Every structure is written in structure tokens, then in C-alpha cells.
Amino acid sequence: MNEVKSNDSLILYIKNLFHDSADLIVREVTWKDEVAIVCFFNTITESGDVNRQIEILRHRSIDDFPNWEETVASSVAAFSVPKLIESVTNGFVAVFFPATNLLMTITMPSFEVRSTSEPSNELVIRGAHEGFVESTDKNISLIRKHLVIPDLVVKDIRLGKDTNTKVTYVYIESIVDKEVVEDVKTRLENIDKPKVYSMGQIEDYLEDSVWSPFPQFLNTERPDRVVANLLEGKIVIFTDESPSALIAPVTFFSFFESPDDFNGRVLVGSFFRALRLSSFLIAIFLPAFYIAVVGFHSEILPFDIGRKVKIAVEFIPYRPIIEALIVEIFIEIIREATIRLPAPIGPTIGIVGGLVIGDAIVNAGLVSNLMVVVVAMTAISSFVVPSVEMNTTIRIIRFPFMLAATFFGFFGIAMGTLILFIHMMNRSSLNQPYLSPIVPFDPSRFKNIFFRIPYYKNHKQQQTFTHGEGKRKKGGRT
């Protein structure tokens with residue numbers, strides 16, 4: 001009777017430990033010659049499977065655990081409250097034996113996972129059409145499907161006292177720079193925050209320069225992109241409940257690569273890579289160039305074009321910078337509205353905003369036709385970049401160039417370009433140079449920036465980005 005009362009108190013204690021949640025199952029069962037307490041969340045485990053497994057196992061002695069063949073039990077250890085909490089909250093079934101103070105955990109999680117469909121923000125024409133999901137185990141399986149090698153190393157770490165978030169970093173042992181691996185491990189272990197729950201948080205903690213507008217980690221949801229970067233000696237970081245992967249160290253030019261470059265013809269891939277780099281320059285400098293020409297340097301235009309420009313802006317009641325800001329902010333509002341609205345409504349808002357309202361503000365004399373053309377070309381050029389993070393960077397840094405062109409014309413653009421280059425030259429990704437192979441200059445890899453080299457030309461395995469010349473190897477992708 002005392003044992004029953006003691007077990008009842010223990011069950012009540014466990015329920016209070018989890019605040020008596022509605023989906024918590026805590027019950028007493030007879031386990032061969034002793035009493036055990038079973039505890040699990042029925043929302044993240046299959047209750048029917050749990051009952052069947054318990055029915056199979058409870059006729060066995062706990063001492064026979066190593067010899068069970070039909071069990072899915074994962075471990076038996078001494079009971080502790082932290083171990084109980086960790087097991088139950090991660091979808092395991094915890095079986096506690098009060099008489100022997102042992103805790104057995106049975107692996108039976110049943111988290112809902114969506115299909116591995118292609119990510120909508122990284123579409124490709126050729127290549128695999130699958131993407132990561134909100135399960136690290138599933139994502140790692142997609143990588144191992146491509147890399148059937150023993151050198152693929154997977155390491156886990158738990159972050160956040162309150163969230164207990166699992167962070168996983170992956171690399172290939174024979175290729176990766178060991179110093180970079182130790183750097184990532186140290187940075188992750190130094191994240192001493194109670195709440196760590198998103199990939200964006202971890203990226204902030206790991207970046208070398210969090211206030212820089214340029215991303216220092218490549219964010220992707222494509223397994224083929226991750227595999228290609230792993231084979232270049234890079235490290236990939238996952239978190240549970242996020243389909244995104246962070247890749248580092250990367251260079252500025254890594255954000256302009258697409259899987260289509262390597263799945264298509266050599267000349268085609270090279271052409272589109274050069275086109276993306278050109279689009280980066282157009283998206284940043286075109287509005288500033290227009291403002292500088294209209295405000296300071298109209299004499300550089302041919303006579304016929306200069307006359308049309310003058311006619312277009314003659315009746316605009318304010319300076320070109322105000323005109324540019326009106327249209328740019330208008331475009332950004334349309335872009336944000338299209339993203340946030342439901343899919344059936346989004347295209348309608350784009351049509352109404354881009355055509356109807358755009359035509360109305362031109363007819364009202366608030367902006368010129370030329371400015372609408374310039375901003376439209378700028379917006380389209382920014383979309384050519386295959387990285388969402390770099391796309392956002394372009395949208396931000398073109399505004400300082402517009403202000404510099406307003407006050408100083410071409411001289412302001414030149415000074416802004418110099419400042420931008422110095423900023424990028426001093427940036428790094430996991431302490432590796434951000435502008436490599438330009439700074440420091442590496443002629444053997446310089447051509448990879450603009451051209452997709454044929455596969456048969458790659459004789460050596462690229463290792464990673466390093467400061468030492470002796471560690472840098474030729475070949476591979478940028």
C-alpha cells in the first residue's frame with residue numbers, strides 16, 4: 001500500500017513537472033516482477049505503437065535489455081529529472097523503475113514532417129527538385145543520400161537553457177580546414193543565451209561582422225547546393241524546426257552561383273554567372289547614375305538623348321533624389337505587400353500597384369517616365385541574384401549611393417564605391433577573406449569568378465579559404 005501511495009505521489013510529481021499538460025500521458029504499468037511508470041506526450045508519439053511496444057517489453061526483465069532484439073529502446077540509465085525532461089520533450093517514451101531507480105527511453109517520436117519538395121525561393125531548371133524540411137534528421141539523410149562516404153561528419157550541440165535547441169554542423173573530415181571547424185565549435189559553445197530558437201539568431205552569433213549589410217553565411221534549402229559546398233571544404237549548420245542551412249566560410253562571389261550553372265552547358269553557365277555579376281552593378285549604380293547625370297553631368301549624354309531627358313524632368317516639381325525615393329519606396333511597398341498577402345491575391349496587387357498606380361503617378365507629374373524605367377530595371381536586376389540575403393543587401397546599399405550622387409555627382413559615386421570596396425575587403429566569413437580570390441589575389445581561382453570551368457579541368461580538390469598560400473589548392477568552385 002505504501003508503494004502504491006509512493007508511486008501515486010511520483011506520478012503527481014511528474015505531472016506537475018510538465019504542468020499537467022493535456023497531451024501528457026503518465027501511467028503505472030506492471031513490468032514483469034516490478035512496477036514501472038510510463039511517461040510521454042501523445043502529440044509527438046504514436047500512442048498505439050507505444051501501447052504495443054510496452055506490451056511486448058513489459059514481460060521482459062530490465063536486466064535483459066542488451067539482449068532484446070525486437071525492442072526499439074535506445075538506452076537505460078540512472079534516473080534523473082533533467083534526463084526525464086529531455087527524453088519526453090524530444091518525443092521519446094520514458095519508462096521509470098522506482099525500485100531500481102533506472103530510466104529506460106524508447107525511441108518512438110512521431111513529428112509531422114512535410115514532403116521534401118523544391119524550395120520556392122530557389123527554383124532551378126535542371127537538377128534535383130527536392131528541398132530540406134523542418135527536421136534535421138531528414139535533412140541529414142538527404143545529404144547522406146548524395147555523399148556515400150565515411151568522411152561525412154555530423155556533430156550535435158544543444159543551445160538555450162529554455163529551448164534546448166539542437167544545432168547540427170556537418171563537414172567532410174578529409175577536406176575541411178580543422179581550424180575552421182574548431183572556430184565554429186567554439187562559437188557555438190559560447191552562445192550562452194536561455195532562448196535560442198531560430199536560424200537567424202545563430203547566424204547573428206556566428207557572423208564576424210553582424211552590422212555589415214553583406215551576408216557572411218550562405219542560406220539555402222537545397223541539398224544539392226549543400227553537397228557541392230561540402231565538397232569544397234565548407235561547413236554546413238542546421239537547426240531543428242528550420243528547413244534552412246547555413247554554409248560557411250563563403251566569399252562574396254558564392255552568392256552569385258546557382259546549381260543551374262553546373263547542370264547546364266559550360267558557356268551557358270559562364271554567361272549567366274557574368275550576367276548576375278553585371279546585374280549586381282546595375283541594381284546598385286543605375287539610380288545613382290541617373291541622379292548624377294540629371295543633376296550634374298547632363299553634358300555627357302548625346303544631344304538627342306539629353307533633350308529627351310530634359311523634357312522628361314522639366315515639369316517635375318522637385319529634385320531627382322525625391323523622385324527616385326518616391327518610386328523606390330513605392331516599389332519596396334509593393335514587394336513587401338506581395339510577399340505577405342495570400343498567394344491568390346499577391347499577383348493582383350502587383351498588377352494594380354505596378355501598372356495602374358505607376359501610370360497614375362506619371363500622369364500626375366509626380367515622377368517622370370525615365371525614372372520609372374530606371375527603377376524598374378533596378379528592381380528586375382536585383383531579382384537576378386539567386387540569394388535572398390544578397391538581394392536584400394542590394395536593395396539597402398543603393399540608397400547611400402543615390403544620396404552621394406545627389407550631393408556630389410560622379411565624384412560621390414566614386415567615393416561611395418571606394419568606401420564599399422574597402423568595407424568588403426575588410427570583411428570575413430569565419431575569419432576567411434570575403435573578397436577571395438581578389439583580396440588576397442589568387443590567379444589560379446580568379447577565373448572561377450566569371451566562368452564555369454569544365455569538370456574535366458578540375459584536377460585537384462579545393463580545400464577551403466585560407467590565409468596561407470601552402471594550404472590553398474587549385475580547382476573546384478569559388
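1. Accessible areas here come from the Shrake-Rupley method with a 1.4 Å probe, and for residues only the protein chains shown count as cover. On that basis the chain exposes about 24100 Å², and carbon and sulfur atoms supply 62% of it. The model is a predicted one, in which local features need pLDDT of at least 70 and side-chain atom pairs count only at pLDDT 80 or more, while totals for chains, interfaces and linings use all residues. Residues are numbered from 1 along each chain as its sequence is written, and side-chain values use heavy atoms, with hydrogens and water left out.

2. The secondary structure of the chain comes to 16 helices and 12 strands, where helices (H or I, at least four residues) and strands (E, at least two) are DSSP runs numbered from the N terminus. Of the 478 residues, 47% count as buried; buried means under 20% relative accessible area, exposed over 50%, and partly exposed in between, with a 1.4 Å probe and protein chains only. Taking contact to mean heavy atoms within 4.5 Å, 65% of the contacts between residues at least 6 apart in sequence join residues at least 24 apart.

3. An open sheet is formed by 5 strands in the order S6-S7-S9-S10-S8, with antiparallel pairing; two strands pair if DSSP finds at least two bridges between them. Its edge strands are S6 (152–159) and S8 (218–220), each of which pairs on one side only. The twist averages 25° from one strand to the next, with axes being lines fitted to C-alpha atoms, for helices over the stretch in contact, and angles running from 0 to 180 degrees between N-to-C directions.

4. Strands S6 and S7 run antiparallel and are joined by 8 bridges, and Lys155 stands opposite Tyr169 in S7. The hairpin of S6 and S7 has 5 residues between the strands, and Gly160 takes a positive phi near 90° there. S7 is mostly covered, with 8 of its 8 residues buried: Thr165, Val167, Tyr169 and Tyr171 point one way, whereas Lys166, Thr168, Val170 and Ile172 point the other way.

5. S7 is also joined to S9, in the antiparallel sense, by 4 bridges. Val170 stands opposite Val236 in S9, and Thr168 stands opposite Phe238 in S9. Why can S9 be called largely enclosed by the rest of the structure? The reason is that 5 of the 5 residues of S9 are buried, and both faces are covered, with Ile235, Ile237 and Thr239 on one side and Val236 and Phe238 on the other.

6. S9 (residues 235–239) and S10 (residues 245–248) pair in the antiparallel sense over 3 bridges. In S10, the bridge partner of Ile237 is Leu246, and that of Ile235 is Ala248. These two strands form a hairpin with 5 residues between them, and Glu241 in the turn has a positive phi of about 70°. Helix H6 (residues 199–206) lies across S7, S9 and S10, running at about 140° to S9.

7. A nonpolar core is a set of buried Ala, Val, Leu, Ile, Met, Phe, Trp, Tyr and Cys residues joined through side-chain atoms within 4.5 Å. In the largest such core, of 53 residues, Ile143, Leu230 and Phe252 touch the most other members. Helix H9 gives the most to this core, with 8 residues. Apart from it lies another core, of 22 residues, among them Val153, Leu159, Ile235 and Leu246. In soluble globular proteins, nonpolar side chains tend to be buried together. Not counting residues up to four places away in sequence, Ile143 touches Phe132, Leu152, Val226, Val227, Leu230 and Phe238.

8. Leu277, in helix H9 (residues 266–295), is buried, with a relative accessible area of 11%. With residues up to four places away in sequence set aside, Leu277 touches Phe253, Phe256, Ile449 and Phe450. Leu277 and Val384 are 107 residues apart in sequence and 9.2 Å apart in space, C-alpha to C-alpha. Thr378, in helix H13 (residues 369–384), counts as buried because its relative accessibility is 0%. Leaving aside neighbours within four places in sequence, Thr378 is in contact with Ile282, Ala283, Leu286, Pro287, Glu328 and Arg398.
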